[in-house]
Amino acid sequence: MTFVQNSKREKNENYKIPWHVALYVRLSKEDGDKIESDSIQNQKRIIEQHLKHLREQGENIASVIAYSDDGYAGGSFDRPGYQRMIADIEAGKINCVIFKDYCAIIGLNQKDLENQ
């Protein structure tokens with residue numbers, strides 16, 4: 001996971017920008033009759049642990065909004081959770097996005113990764 005810090009912080013260590021975080025998770029296959037898949041839960045757990053670590057390091061996590069696309073393929077950006085997240089970014093509600101790995105956003109599978 002990557003957490004990009006604002007350049008103003010590098011100039012003044014006492015300056016702590018309030019982060020309004022989007023927590024984004026996605027899984028391309030639905031998991032039977034469960035409302036959310038186990039993998040979605042695992043992604044959320046990993047990201048929440050990362051957020052806890054950031055708070056412990058003094059980052060100003062002002063708000064967290066979770067966006068989920070369980071059962072949606074990553075090959076298309078026409079996913080309801082993703083579209084809500086983009087709309088909130090454009091509206092200024094979000095200034096940081098955290099996800100487990102970039103495959104959640106762009107939908108690469110293992111074969112794609114091996115070919116890069």
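Which residues form one aromatic cluster? In this predicted model, the cluster consists of Tyr24, Phe77 and Tyr82, where rings of Phe, Tyr and Trp (its six-membered ring) are taken to pair if their centres lie within 6.5 Å, with planes under 30 degrees apart counted as stacked, over 60 as edge-to-face and the rest as tilted. Residues are numbered from 1 along each chain as its sequence is written, and side-chain values use heavy atoms, with hydrogens and water left out. Because the model is predicted, local features need pLDDT of at least 70 and side-chain atom pairs count only at pLDDT 80 or more, whereas totals for chains, interfaces and linings use all residues.

The chain contains five helices and three strands, assigned as DSSP runs (helices H or I, at least four residues; strands E, at least two) and numbered from the N terminus. Along the sequence, these elements follow the pattern α-β-α-β-α-β-α-α. Of the 116 residues in the chain, 31% are buried, a class defined as under 20% relative accessible area, with exposed meaning over 50% and partly exposed in between (1.4 Å probe, protein chains only). Among contacts (heavy atoms within 4.5 Å) between residues at least 6 apart in sequence, 67% join residues at least 24 apart.

The three strands form an open sheet in the order E2-E1-E3, with parallel pairing; two strands are considered paired if DSSP finds at least two bridges between them. Strands E2 and E3 stand at the edges and have a single partner strand each, so one side of each is left without a neighbour in the sheet. Neighbouring strands are turned by 25° against each other on average, direction ignored, where axes are lines fitted to C-alpha atoms, for helices over the stretch in contact, and angles run from 0 to 180 degrees between N-to-C directions. Strand E1 is joined to strand E2 (residues 60–70) by 10 bridges, and Arg26 stands opposite Asp69 in E2. Four bridges join E1 to E3, and Leu23 has Ile98 in E3 as its bridge partner. Seven of the 10 residues of E1 are buried, so that this strand is mostly covered. Helix H3 lies across E1, E2 and E3 and runs at about 150° to E2.

The largest nonpolar core comprises 12 residues, namely Ile17, Trp19, Val21, Leu23, Val25, Ile40, Ile47, Leu51, Leu54, Ile61, Cys96 and Ile98; such a core is a set of buried Ala, Val, Leu, Ile, Met, Phe, Trp, Tyr and Cys residues joined through side-chain atoms within 4.5 Å. Two or more residues of this core are given by each of strand E1 (18–27), helix H2 (38–56) and strand E3 (96–99). Apart from this core lies another, of six residues, among them Ala22, Tyr24, Tyr82 and Met85. Within the largest core, Ile40 is in contact with Val25, Arg26, Leu27, Ser68 and Asp70, when its neighbours within four places in sequence are left aside. Helix H2 also holds Glu48, which is partly exposed at 46% relative accessibility. The C-alpha atoms of Glu48 and Val64, which are 16 residues apart along the chain, are separated by 9.8 Å.

The structure holds two aromatic pairs. One of them is the edge-to-face pair of Tyr24 and Tyr82, with 6.1 Å centre to centre and 75° between the planes. This pair links distant parts of the chain, since Tyr24 belongs to strand E1 and Tyr82 to helix H3 (residues 80–90), 58 residues apart. Tyr24 is buried, with a relative accessible area of 0%, and Tyr82 likewise counts as buried, at 13% relative accessibility. Over the face of Tyr82 lies Arg79, at 4.9 Å from the ring centre, a charge being placed over a ring if NZ of Lys or CZ of Arg is within 6 Å of the ring centre and within 35 degrees of the ring normal. Tyr24 and Phe99, although 75 residues apart in sequence, are 5.2 Å apart in space, C-alpha to C-alpha.
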